[in-house]
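Hello,

Here is the structure I promised to pass on to you. Have a look at it first, and then read on for what turned up.

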Amino acid sequence: MLPLNATIEKIIEESPFIRTFVFDHRFEEMEPGQFVMVWVRGVDEVPMGLSRKNSITVQNVGEATAKLFELKEGDSFGLRGPLGKGFSSPAAGENILVIAGGVGAAPLAPYAEAASAAGAKVHTILGARSGGDLLFEERFAAAGALDITTDDGSKGTKGFVTDVLKKLDVSSYDNIAVCGPEVMMGFIFKILQENEVLDKSEFSLHRYFKCGIGVCGACCIDRSGLRVCKDGPVFSGVQLVDSELGKYARDASGRRVKI
Amino acid sequence: MYTLTGLELKNPTILAAGVLGTTGASLCRVAREGGAGAVVTKSIGPEPKYGHPNPSMVQLDCGFLNAMGLPNPSYAEFVQELEIAKKDSGVPVIASIFGGNSEEFAEVAQGLLPGRPDAFELNLSCPHAEGYGAAIGSNPCLVETVTAAVKEVTDLPVWVKLTPNVADITAIGKAAQAGGADAVVAINTVKGMAIDIESGYPVLGNRSGGLSGAAVKPVAVKCVYDLYAALEIPVVGVGGVSSWEDAVEMMMAGAAAVQVGSAVYNRTDVFSEISSGIETFLQRKGYSDVRDFIGLAHEAI
């Protein structure tokens, strides 16, 4: 598919470094956790998780996102998607734990909402550096129970999402959905592995993408060789046993870079 | 078993260069789960290279358009991936290499030898990297020199991958043969371009690139047909092969084996599917071996 032209209808300042871009196209078939390739014409094309059927939520971290932040309402970009495999669909009566760190809350907010709408019981642990950096607090609160953690203690529990997680009986959940900084996901993976609930957990990974459609192999992870852009970005915890998660990733040239 | 330039292949389907070949783990996956008879790595060069900005690959109605720009971690860094592929893939691993001149090609080949590749494939055909690939591969003199330079530093089989973006591909094939190539591989992508009509921007980050997939198959069949007639060495067919029918057609044009690239988009086990389809075809037609129909089109007059 060629990129479709999407016009920005609204820009929401979520925090000092995070903005949501609402556009004029709705990906009705989108599964929460799927992503789109966002083409800032003349600059670059980068993968972004869909935060709604018609929005992406972006942290300003590099050249492409900086250019994205220069765009105004009424401007347009190209979109290819929805791509990849999202979180598994929650069912009525299930107990769902959502663990979101930083901008990792973006693909998890639609998941929490879908779970709640399906009749599942949702419990979210939402973490950020400070109260002002918390993303989609209201959306998670509306979907179910919400625990907040901040690094500086300005809101909720002072500390990390893992501090709350360690106090929970993780075996009581039917699915545990995780997205956030890789170091955080690495620690969560260990906790869930020790508690033998990896088969009920899902992690959304972030890697450098080139083609975005499963052909080039730039985003393959060790040791499985699975493609983050097509076999993921959401993987079962079982698929990530003995993987590079939390250890290293590859840069655009394919060189290993420590996390 | 099936022998090609001394390599033992369990079937005549080979993963093409530049596809799922950046890591040892993904090469192993294509071999073990995908069923490829051999695998070719991503093209590796002397220095780390990030490649072109994205979009680097888009799907069109008729195929795929890409301009990756030879991203690679350098031979020094890639040796560890090659070792993994060699240890766990269970199939021959062909190292695709590129350089800006004969010296660089020889340096990269030597640099990868500790990873114990089974053969080298020289990328003299990438259509969109200035100073590399087709920039060298369109000139018969340079093709011969580069091929000879790599043959000089290794006893391993050397395959030369050719560009179709020339007036006469057989002239380039003959130059590779004269340089000592053990096989030629045809074809790399066909120059192409797509433009976003909403904005006027070319879609690829590099503005233009190379076309692969179904659209290029007839181009590849013709190139393989001509090369088979012109050369003494085997021709490996690549370009738009996604089914056993495509593979048989390519072999009837003269391909000793086929490579599959873009078709992994639909399924990574396309290799198993093609090789079992070929087996069924052999039985149905009463052939004892694929050799019975390699080049058959040349006899059907």
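This is a predicted model: local features need pLDDT of at least 70, side-chain atom pairs count only at pLDDT 80 or more; totals for chains, interfaces and linings use all residues.

Counting contacts in chain B between residues at least 6 apart in sequence, 72% link residues that are at least 24 apart. Chain B holds ten helices and 14 strands. Its radius of gyration is 18 Å, close to the 19 Å that the globule rule gives for 301 residues, so chain B is as compact as a globular protein of that length. The C-alpha trace of chain B spans about 50 × 50 × 40 Å along its principal axes. Of the 301 residues in chain B, 62% count as buried.

Now for chain A, which has five helices and 15 strands. With a radius of gyration of 17 Å, close to the 18 Å given by the globule rule for 259 residues, chain A is as compact as a globular protein of that length. Its C-alpha atoms fill a box of roughly 50 × 40 × 35 Å along the principal axes. In chain A, 59% of the 259 residues are buried. Among contacts between residues at least 6 apart in sequence, 62% in chain A join residues at least 24 apart. The accessible surface of chain A comes to about 10000 Å², with 51% of it on carbon and sulfur atoms.

A:Ile259 lies in the segment after strand S15 (256–258) of chain A. Because its relative accessibility is 42%, between the 20% and 50% cut-offs, A:Ile259 counts as partly exposed.

Then there is the interface. The size of an interface is often given as the accessible area lost when the parts come together. Between chain A and chain B, about 3200 Å² is buried, and carbon and sulfur atoms give 57% of it. On the chain A side, A:Lys210, A:Val215 and A:Arg255 lose the most area to chain B, together 20% of what that side buries. In terms of contacts, 39 residues of chain A touch 42 residues of chain B. The two chains also share four salt bridges. One salt bridge joins the side chains of B:Glu81 and A:Arg256, at 3.0 Å from N to O.

Methods:
Residues are numbered from 1 along each chain as its sequence is written. Chains are lettered from A and ligands numbered from 1 in the order in which they are written. Side-chain values use heavy atoms; hydrogens and water are left out. Helices (H or I, at least four residues) and strands (E, at least two) are DSSP runs, numbered from the N terminus. Buried means under 20% relative accessible area, exposed over 50%, partly exposed in between (1.4 Å probe, protein chains only). The radius of gyration is taken over C-alpha atoms; the globule rule is 2.2 Å times the number of residues to the power 0.38. Contact means heavy atoms within 4.5 Å. Accessible areas come from the Shrake-Rupley method with a 1.4 Å probe; for residues, only the protein chains shown count as cover. Buried area is the accessible area (1.4 Å probe) that two parts lose on being put together, summed over both.
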